[in-house]
Amino acid sequence: MEYKASFTIEKWSEDKITEMPEPQKFNRGEVIRQHKGYVHGKETMHYTLIYANERRSEFSGIGLCEGHIGEEKGHFIIIERGSYQNGSVDVKFDVQKINSNGEFGPVLGQGIYHTSEHQNIEYIFRNV
């Protein structure tokens, strides 16, 4: 099944990991997001970002979301990979549940978004 959800960015901060020749950057970021819809809850995402310049970057991140996905409630891991080019972001991600015994469960679903929006980002979530 395919479901719609969205998130808003509550906080975005980046710090330099290492020096690179301008305009390149190698940064780490922390982003706080609030999800609504089929995926609902608060997430803290940690990114590693590499910028070729101000118009092009690649990134990956791992986040922890507390909330629910459909009827499934608890803590979820979100693993994301994406790129930014000329004002648009393309992202794919997987979601796993952390079971009550502390083990990581199987992948529950996958998501995708393509946007030039920077505040209310809509995405598609598919159960696996």
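Me: Which strand does K42 lie in?
Reply: K42 lies in strand β3, which covers residues 39-53. This is a predicted model.

Me: Is K42 buried, exposed or partly exposed?
Reply: Partly exposed, because its relative accessibility is 44%. The buried class means under 20%, and exposed means over 50%.

Me: What does K42 touch?
Reply: Leave out residues up to four places away in sequence. Then K42 touches E10, I32, R33, Q34, L64, C65 and E66.

Me: Which side chain makes a polar contact with the side chain of K42?
Reply: That of E10. The distance is 3.4 Å.

Me: And H68? How far apart are the C-alpha atoms of K42 and H68?
Reply: They are separated by 9.7 Å. Along the chain, K42 and H68 are 26 residues apart.

Me: Switching to N27. Where is it?
Reply: N27 is in strand β2, residues 25-37.

Me: Why does N27 count as buried?
Reply: Its relative accessibility is 7%. Buried means under 20%, so N27 counts as buried.

Me: Which side chain is joined to that of N27 by a polar contact?
Reply: The side chain of E14. That contact is 2.8 Å.

Me: What else is N27 in contact with?
Reply: Set aside neighbours within four places in sequence. N27 is then in contact with D15, K16, I17, Y47, T48, L49 and Y51, as well as E14.

Me: Zooming out. How many helices and strands are in the protein chain?
Reply: There are 0 helices and 8 strands. From the N terminus on, the order reads β-β-β-β-β-β-β-β.

Me: What does the radius of gyration say about the chain?
Reply: It is 15 Å. A compact globule of 128 residues would have a value near 14 Å, so the chain agrees with that.

Me: What does the C-alpha trace span?
Reply: About 45 × 30 × 25 Å along its principal axes.

Me: What share of the residues is buried?
Reply: Of the 128 residues, 38% count as buried.

Me: And the accessible surface?
Reply: It comes to about 7,800 Å². Carbon and sulfur atoms hold 50% of that.

Me: What share of contacts links residues 24 or more positions apart?
Reply: 40%, among contacts with a separation of 6 or more.

Me: Last one, charges. How many positive and negative?
Reply: The protein chain has 15 positive and 19 negative charges. Their mean positions are 1 Å apart.

Note on methods
Residues are numbered from 1 along each chain as its sequence is written. This is a predicted model: local features need pLDDT of at least 70, side-chain atom pairs count only at pLDDT 80 or more; totals for chains, interfaces and linings use all residues. Side-chain values use heavy atoms; hydrogens and water are left out. Helices (H or I, at least four residues) and strands (E, at least two) are DSSP runs, numbered from the N terminus. The radius of gyration is taken over C-alpha atoms; the globule rule is 2.2 Å times the number of residues to the power 0.38. Buried means under 20% relative accessible area, exposed over 50%, partly exposed in between (1.4 Å probe, protein chains only). Contact means heavy atoms within 4.5 Å. Accessible areas come from the Shrake-Rupley method with a 1.4 Å probe; for residues, only the protein chains shown count as cover. Lys and Arg count as positive and Asp and Glu as negative; His and the chain ends are not counted. The place of a charge is taken as NZ of Lys, CZ of Arg, CG of Asp or CD of Glu. A polar contact is a pair of N or O atoms within 3.5 Å; within protein, one must be able to donate a hydrogen and the other to accept it, and residues adjacent in sequence count only if both atoms are side-chain atoms.
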